[in-house]
Amino acid sequence: MSVSLLQPYFFMSKTKSYAQILIGSWLFLTAMAIYLSLWVAPPDLQQGGNSRILYVHVPVAWMSIVIYIATAINSFLFLLTKHPLFLRSSGTGTEIGAFFTLFTLVTGGFWGRPMWGTFWVWDARLTSVFILFFIYLGALCFQKLSVELASILICVGLIDIPIIKFSVNWWNTLHQPGSISRFGTSIHVSMLIPILSNFANFLFFTCILFVLETRLLILSFLESSLTEEIEAREGIPLKT
């Protein structure tokens, strides 16, 4: 499919012009998130300093789900259109999502050790997130065999997202119920702000990675088109 659908020159020029602003904004968000998490937010009355792990654990857990949904959308669009942009975005999302999911499990274990007395329990929430991690890994493995099969796996794996979300309501679990809903939040604002700041930081960083991947895709298309044009003008047979 034609790369003109991506509007490559507009995208490349704008992202190059605003590259310093994007990176500077991300660095500012990172510094602000660290400052709020370590020095501004007070320690929890019951958990003490251990509660600061949640300022990272909760945002990365959100990111693992948000990225999975975005990856599933890209995978579905790739199955429909076979457009390489959706394939590249799906592959990038799978890699980043696997990292965030693993980070969720690790930070959750470090939080759970002093609170529950163990790094791991076969709790409904933990188990469903663990399954999500293996779906990510399965998609990464299948990408080497068949990108269509990997895309189908990601789409089918969407069933795990509502299970993760509602597992604390459907089953009796050690994991606490959700603290944020459409009806409000039970988290004090002094602790909510660091969580949201870290989430914005991770989200912004992920967007930068997707922009870089898209630039690489466009550059590879432009290089391929330029090579074919040079070979055609010089009368060199195109490679099969």
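**Entry 1: order of the elements**

Helices here are DSSP runs of H or I with at least four residues, strands are runs of E with at least two, and both are numbered from the N terminus. I note that this is a predicted model, in which local features need pLDDT of at least 70 and side-chain atom pairs count only at pLDDT 80 or more, while totals for chains, interfaces and linings use all residues. Residues are numbered from 1 along each chain as its sequence is written, and side-chain values use heavy atoms, with hydrogens and water left out.

**Entry 2: the chain as a whole**

I looked up burial, where buried means under 20% relative accessible area, exposed means over 50%, and partly exposed lies in between (1.4 Å probe, protein chains only). Of the 240 residues of the chain, 36% count as buried. I then turned to contacts, meaning heavy atoms within 4.5 Å; among those between residues at least 6 apart in sequence, 75% join residues at least 24 apart.

How far does α4 reach from its first C-alpha to its last? I found that α4, with 33 residues, reaches 46 Å, close to the 48 Å expected at 1.5 Å a residue, where the expected span is 1.5 Å times one less than the number of residues. Just after α4 comes G117, which takes a positive phi of about 85°. In the loop between α3 and α4 I found K82, whose phi is near 60°, a positive value in a residue other than glycine. K82 has a relative accessible area of 43%, so I wrote it down as partly exposed.

Within helix α4 I picked out T101. Is T101 buried or exposed? Its relative accessibility is 0%, and therefore T101 counts as buried. Not counting residues up to four places away in sequence, T101 touches S64, V129, L132, F133 and Y136.

**Entry 3: what the record says**

I checked UniProt, whose unreviewed entry places the feature "transmembrane region" at residues 21-40, 60-80, 92-112, 124-142, 149-171 and 191-212. The UniProt positions are given in the numbering used here, with feature names shortened, and such annotations may be inferred rather than shown by experiment. I compared two of these spans with the model. Residues 92-112 are 100% helix and 0% strand, with end C-alpha atoms that lie 30 Å apart. Residues 124-142 are likewise 100% helix and 0% strand, and there the end C-alpha atoms are 27 Å apart.

Next I went to W26, which has its place in helix α2. W26 counts as partly exposed because its relative accessibility is 24%. Leaving out residues up to four places away in sequence, I saw that W26 touches N201, F204, F205 and I208. The C-alpha atoms of W26 and L203 are separated by 9.5 Å, although these residues are 177 residues apart along the chain.

On a 1 Å grid over the protein atoms alone, a pocket is an open set of points with protein on both sides within 12 Å along at least five of seven lines, whereas a cavity is a set where a 1.4 Å probe fits but cannot get out; lining residues have an atom within 4 Å of a point.

**Entry 4: the largest cavity**

How many cavities of 30 Å³ or more are there? The count comes to 1, and the largest cavity has a volume of about 40 Å³. I listed S75, L87, S90, G91, Q143, V147, A150, S151 and I154 as its lining, which divides into 4 nonpolar, 5 polar and no charged residues. Both α4 and α6 (147-156) supply at least two residues of this lining, and the largest share, 4 residues, comes from α6.

Notes: Points joined across faces, edges and corners; volume = space filled by probe spheres on them. Nonpolar A, V, L, I, M, F, W, Y, C, P; charged D, E, K, R; others polar.
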